Amino acid sequence: LTFSFFYPFIISSFSSIISLDQSELTERLPRVRSIMAEPDYMDGDCDELIKPKKLINPVKTSRNHQDLHRELLMNQKRGLAPQNKPELQKVMEKRKRDQVLKAQKEEQEAHKKQSDLEIELMKRQQKLEQLELEQQKNEEEQENTPEFVKMKSNLRRTKQEVDEQERTT
């Protein structure tokens, strides 16, 4: 009742439409089909014409395509995007990353101009490191040499020492 109070015109128009028969209803309502052009083959008089059918797309009907489409839809609903990038895109991103890193290194080196004293200290440090490496190599070689070679060198040394002592006396 309250609805009819606010909208009396709408209720009266609906009640008049409801009370109409189907034939009267179609006469009163505008025909949308009459606006659109209908194809010629819809008429029943041309039975010899071949009526067109919608073509079946073999890709969409394949099982693999359906499974892939289903998986993509599920991932999209979950908010997961496919992470597989094309190879070219990966290479380009890596190249860009490398360029950025190289530019950063160049900037750091430009800020870091070393004085003469720092350069000399670096050279000395490198020399010391090389000497230590050589000593370690020598020690490793001595540890890896067989026992009889060590004994032979010890005998030579002692013989040379004895010969020198005899010469001095």
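Trainee: How many helices and strands does the secondary structure of the protein come to?

Mentor: Eight helices and zero strands. The pattern along the sequence is α-α-α-α-α-α-α-α. Keep in mind that this is a predicted model.

Trainee: What makes Arg70 and Asp67 a salt bridge?

Mentor: Set the distance against the cut-off. A side-chain nitrogen of Lys or Arg must lie within 4 Å of a carboxyl oxygen of Asp or Glu. Here the closest N and O atoms are 3.0 Å apart, so the pair qualifies. A search of the whole structure finds one salt bridge.

Trainee: Why are Arg70 and Asp67 separated by about one helical turn?

Mentor: Because they are three residues apart in helix α5. An α-helix has 3.6 residues a turn, so residues three or four places apart point the same way.

Trainee: Why is Arg70 called partly exposed?

Mentor: Its relative accessibility is 41%. Partly exposed runs between the buried limit of 20% and the exposed limit of 50%. Arg70 therefore counts as partly exposed. Asp67, at 32%, also counts as partly exposed.

Trainee: How do you know that the span of helix α5 is close to the expected one?

Mentor: Helix α5 covers residues 63-78, which is 16 residues. At 1.5 Å a residue, 22 Å is expected. From first C-alpha to last, the helix reaches 23 Å. Just after α5, Gly79 takes a positive phi of about 95 degrees.

Trainee: Why does Glu143 count as exposed?

Mentor: Exposed means over 50%. Glu143 has 62% relative accessibility, so it counts as exposed. Its place is in helix α7, residues 116-144.

Definitions and conventions: Residues numbered from 1 in each chain as written. Predicted model: local features only at pLDDT ≥ 70, side-chain atom pairs only at ≥ 80, totals over all residues. Heavy atoms only, no water. Helix = DSSP H or I, 4+ residues; strand = E, 2+ residues; numbered from the N terminus. Buried < 20%, exposed > 50% of the residue type's maximum accessible area, 1.4 Å probe, protein only. Expected span 1.5 Å × (residues − 1).
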